[in-house]
Amino acid sequence: MAHLDTSGHTPVLILGDAEWSVVHGVAMGKQVAGDRVARRLRRNGILDDDGITPQAAPALHGVAGATRHLDAACFEADGPGRRAEAWIGPRRATLVKHERDGFHVYGLDGCDVPSAFAQLLDIGPRHNIDLGPRVLPERVYNLLEVGDLRALADELARLARRLDQGGEPGEIGGPTPLTEGFAHRMWTLSLISTDTPGAAGWELAGALTTLSVPECLYEVHPRSLADALESGASPEAIASMASSGPSGPEEMALIATTSLQVWLLVSPWFFAA
């Protein structure tokens, strides 16, 4: 699968999973192996005896000096998901888009990282009409953990049918913008996390999950973490809970937010630590 495209102003590598693993390792300073994958990368002009070839190097400058790793994904109820990662250094970044035909690897100036990830954050103008519900059942936690989006869409549609009992919009037993979005499968799930180097290697430094429908945007947290946030727990305690995760499945809390608040929270993650 390995392919090096040098037709544009910056090289693009298109790699399979095993090929990206080898290339990433070599970019981090490992020796070039002599196995079949490495030989294929040599034939395609990506590796040579010294490591990354000069023509492929601009796509990978961000890897070796990275002080931050960013991983973001965006999923819609009935559409294909999108995912991208970046290794971000002081001046250059390496962007890896997960496409159907493999990993597309590009080099970016550090200042271009925010625009590359903005489309995965589900931010934009909304009326911000929050009429609930604000708690999702434990099964949603399980489906998020295993990444079963089809089952998640079905579960949210069932939840909407259970809550909407013919009442007036916004009243108990009536539809809300959120339940309407669940029922008509017009929701978007966005996940972003960042890691920075620590004593034991790369360590989680922040993460955010949002769920939206056209009218409103929510942060999604395990119920225990949402309760800790509401009670005013210390930032250290919140960070510890977020990194370790809950001890088992639990309800998921929805906390209303805005696109501006999301952007202010995650925008520092687009730059070297």
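Reply: In this predicted model, strand E6 (82-88) and strand E7 (92-99) each supply at least two residues of the lining of the second largest pocket. Helices (H or I, at least four residues) and strands (E, at least two residues) are DSSP runs, numbered from the N terminus. As the model is predicted, local features need pLDDT of at least 70 and side-chain atom pairs count only at pLDDT 80 or more, whereas totals for chains, interfaces and linings use all residues.

Me: What makes a space a pocket, and what makes it a cavity?

Reply: On a 1 Å grid over the protein atoms alone, a cavity is a set of points where a 1.4 Å probe fits but cannot get out, whereas a pocket is an open set with protein on both sides within 12 Å along at least five of seven lines. Lining residues have an atom within 4 Å of a point. Points are joined across faces, edges and corners, and the volume is the space filled by probe spheres set on them. By this rule the second largest pocket has a volume of about 200 Å³, and its lining includes Pro80, Arg82, Lys97, Glu99 and Leu120.

Me: How many residues of each class are in the lining of the second largest pocket?

Reply: Ala, Val, Leu, Ile, Met, Phe, Trp, Tyr, Cys and Pro count as nonpolar, Asp, Glu, Lys and Arg as charged, and the others, Gly among them, as polar. On that count, this lining has four nonpolar, three polar and five charged residues.

Me: What is the volume of the largest pocket, and which elements supply its lining?

Reply: The largest pocket has a volume of about 1,100 Å³. It is lined by 38 residues, and those closest to its centre are Ala207, Leu208, Thr209, Val220 and Ala242. Among the elements that each supply at least two of the lining residues are strand E11 (201-213), strand E12 (216-222), helix H8 (223-231) and helix H9 (235-244). The lining of the largest pocket divides into 26 nonpolar, eight polar and four charged residues.

Me: How many cavities of 30 Å³ or more are counted, and what lines the largest cavity?

Reply: The count comes to one cavity of 30 Å³ or more, and about 60 Å³ of space lies in the largest cavity. Leu136, Val140, Leu144, Leu152, Leu156, Trp187, Leu189, Leu211 and Val220 line the largest cavity, which makes nine nonpolar, no polar and no charged residues by class.

Me: Why are H8 and H9 called roughly antiparallel?

Reply: Axes are lines fitted to C-alpha atoms, for helices over the stretch in contact, and angles run from 0 to 180 degrees between N-to-C directions. Angles under 35 degrees count as roughly parallel, over 145 as roughly antiparallel, 65 to 115 as roughly perpendicular and the rest as oblique. The axes of H8 and H9 come within 10 Å and cross at roughly 170°, and H8 and H9 are therefore roughly antiparallel to each other. Where they are in contact (heavy atoms within 4.5 Å), Ser224, Leu225, Ala228 and Leu229 in H8 meet Ile238, Met241 and Ala242 in H9. By class, this contact has six nonpolar, one polar and no charged residues.

Me: What makes H1 roughly perpendicular to H2?

Reply: The axes of helix H1 (17-27) and helix H2 (36-43) come within 10 Å and cross at roughly 80°, and that value makes H1 roughly perpendicular to H2. Their contact has five nonpolar, no polar and two charged residues.

Me: What makes E1 and E9 edge strands?

Reply: Two strands pair if DSSP finds at least two bridges between them. Antiparallel pairing joins 11 strands into an open sheet with the order E1-E2-E8-E7-E6-E5-E10-E11-E12-E13-E9. Strand E1 (3-5) and strand E9 (135-136) each pair on one side only, and these are the edge strands. Three bridges join E1 to strand E2 (12-15), with Leu4 opposite Leu13 in E2.

Methods
Residues are numbered from 1 along each chain as its sequence is written. Side-chain values use heavy atoms; hydrogens and water are left out.
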